[in-house]
2 protein chains.
Amino acid sequence: MIFRQLFDLASSTYTYILADSDGKEGVIIDPVMENVDRDFQILQELGIQLKWILDTHVHADHITAAAALKEKTGAKIGLGAGANVACADRLFQENEEISFGDYQLKVIATPGHTDSCTSYYLKGYCVFTGDTLLIRGCGRTDFQQGSSERLFQNVREKLFTLPDETLVYPAHDYKGRMASSIGEEKQFNPRLKLSNTKEQFIEIMKNLKLDYPKQIDRALPANLKCGKV
Amino acid sequence: MIFRQLFDLASSTYTYILADSDGKEGVIIDPVMENVDRDFQILQELGIQLKWILDTHVHADHITAAAALKEKTGAKIGLGAGANVACADRLFQENEEISFGDYQLKVIATPGHTDSCTSYYLKGYCVFTGDTLLIRGCGRTDFQQGSSERLFQNVREKLFTLPDETLVYPAHDYKGRMASSIGEEKQFNPRLKLSNTKEQFIEIMKNLKLDYPKQIDRALPANLKCGKV
């Protein structure tokens, strides 16, 4: 399998390219507008036929490259059910499978950071968790119909029930870490670890005192149009 | 196998942690002083018994965390033969094998960026190339007894003769890319691709017109003491 993790230095966003090394069918997860040339060059040089451009949610901190990459490659745009994104080709329901070559990503609905957050699970290997589960953290829940209660429940019931060795690939990290595992997060995530109760988690999230998201007024309207600005 | 790639945001340096998931013996490659707490925490949480702290060369753009990690873990410090680093526990000769658990890293001498640059090859999987071979680039050759001729020869004869599917993990990238492969670099590296001659490469390197390295006067003396400042 071809696997590439890529980083956007401005927003600390991770983008992922996955493809079957045989037929070269592939997907890209959470591409960032500013990196469209970089990412398109990689797709071309590796000979990948892009099938799907997937976003884990409607991002508020960067503009998606979905529309731009669709124009360049002809791939379809997908997000999770509930995303208010009319330009998407598909809004995936829970448990749907997204195929590329011999591989499948399973759709796991994990609202909480936003009301339509989605994780994509590559069975036996890794899960792309967006902002639902970060390395030793999680996304904020105070915008975009966020809910600490739903985030907690979805992480505990849907992500922490995956095998411990499943690698966790998030949409961001701010300390230069690129991957974790379900087993680690169950043990060491200061907010979501198994020894914390739901009430403790909700209290932690309530007291984060975060600034207003810098890019939200620019990014949200653009992302509801798949990044067409 | 446990594999973690980590990023230093200030110097764009990649650090790698490798360990056998059974016995948990491991190595760290190119650790950065500023991240010693982050990296030590990962080693502790994953239960890794660090055997070796390896630098691919005497870095000029950041201070190594070698001495600091040795103090915290008891691991030994290793670099390639020719490195003028008296505090190292070992200076590895070409073709030596560095063992951790059931795995071995093979030492490949790849001077050119500096006179003692070393690559570490994990057979059948990947190669850690330091500044010798970067993604679509290579390290400069105008300081630290660098030599464009030697860099070209070592890349062509020692790295480009590894299997095409070998993943390339460099010491830096400045565009958010994290890995490449030998096959890609043979085809797409604008400086070192197979269609370039040695003379073309030397000419490219001669005309780079790079600034004086910002951190060299601070980093080099510190790194000759394993980062003890």
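What joins the side chains of B:Arg136 and B:Glu185? A polar contact of 2.5 Å does. The term covers a pair of N or O atoms within 3.5 Å; within protein, one must be able to donate a hydrogen and the other to accept it, and residues adjacent in sequence count only if both atoms are side-chain atoms.

Some ground rules come before the tour. This is a predicted model, in which local features need pLDDT of at least 70 and side-chain atom pairs count only at pLDDT 80 or more, while totals for chains, interfaces and linings use all residues. Residues are numbered from 1 along each chain as its sequence is written, chains are lettered from A and ligands numbered from 1 in the order in which they are written, and side-chain values use heavy atoms, with hydrogens and water left out.

Stay with B:Arg136. This residue sits in the loop between strand E10 (126-130) and helix H3 (148-159) of chain B. Helices (H or I, at least four residues) and strands (E, at least two) are DSSP runs, numbered from the N terminus. B:Arg136 counts as buried because its relative accessibility is 13%. Buried means under 20% relative accessible area, exposed over 50%, and partly exposed in between (1.4 Å probe, protein chains only). A polar contact of 2.8 Å also links the side chain of B:Arg136 to that of B:Glu184. Leaving aside neighbours within four places in sequence, the residues in contact with B:Arg136 include B:Arg177, B:Ser180, B:Phe188 and A:Glu45. Contact means heavy atoms within 4.5 Å.

A:Glu45 takes us across to the other chain. Its side chain meets that of B:Arg136 in a salt bridge (2.6 Å, N to O). A salt bridge is a side-chain nitrogen of Lys or Arg within 4 Å of a carboxyl oxygen of Asp or Glu. Between chain A and chain B the count is four salt bridges. Ten residue pairs are in polar contact across this interface, both residues being at pLDDT 80 or more. On the chain A side, strand E1 (2-8), helix H1 (36-45), strand E12 (180-181) and helix H4 (182-188) each supply at least two residues. E1(A) gives the largest share, four residues. By type, the side of chain A that touches chain B divides into eleven nonpolar, four polar and seven charged residues.

Now take the interface as a whole. Chain A brings 22 residues to the contact, and chain B brings 22 residues. The area buried between them is about 1,800 Å², with carbon and sulfur atoms giving 60%. Buried area is the accessible area (1.4 Å probe) that two parts lose on being put together, summed over both. In chain A, the residues that lose the most area to chain B are A:Arg4, A:Glu45 and A:Met178, together 31% of what that side buries.

Next, look inside chain B. Helix H2 (residues 66-73) has B:Ala66, B:Ala67 and B:Leu69 as its buried residues. They lie on the same side of H2(B) because they cover an arc of only 165 degrees around the axis. The arc is that of the directions from the helix axis to the C-beta atoms. Their cover includes strand E3 (25-29), helix H1 (36-45), strand E4 (49-54) and strand E5 (76-80) of chain B. After H2(B) comes B:Gly74, with a positive phi near 80 degrees.

Finish in chain A. A:Gly183 lies in helix H4. It counts as buried because its relative accessibility is 18%. The C-alpha atoms of A:Gly183 and A:Pro163 are separated by 7.6 Å, although these residues are 20 apart along the chain.

Key
Nonpolar A, V, L, I, M, F, W, Y, C, P; charged D, E, K, R; others polar.
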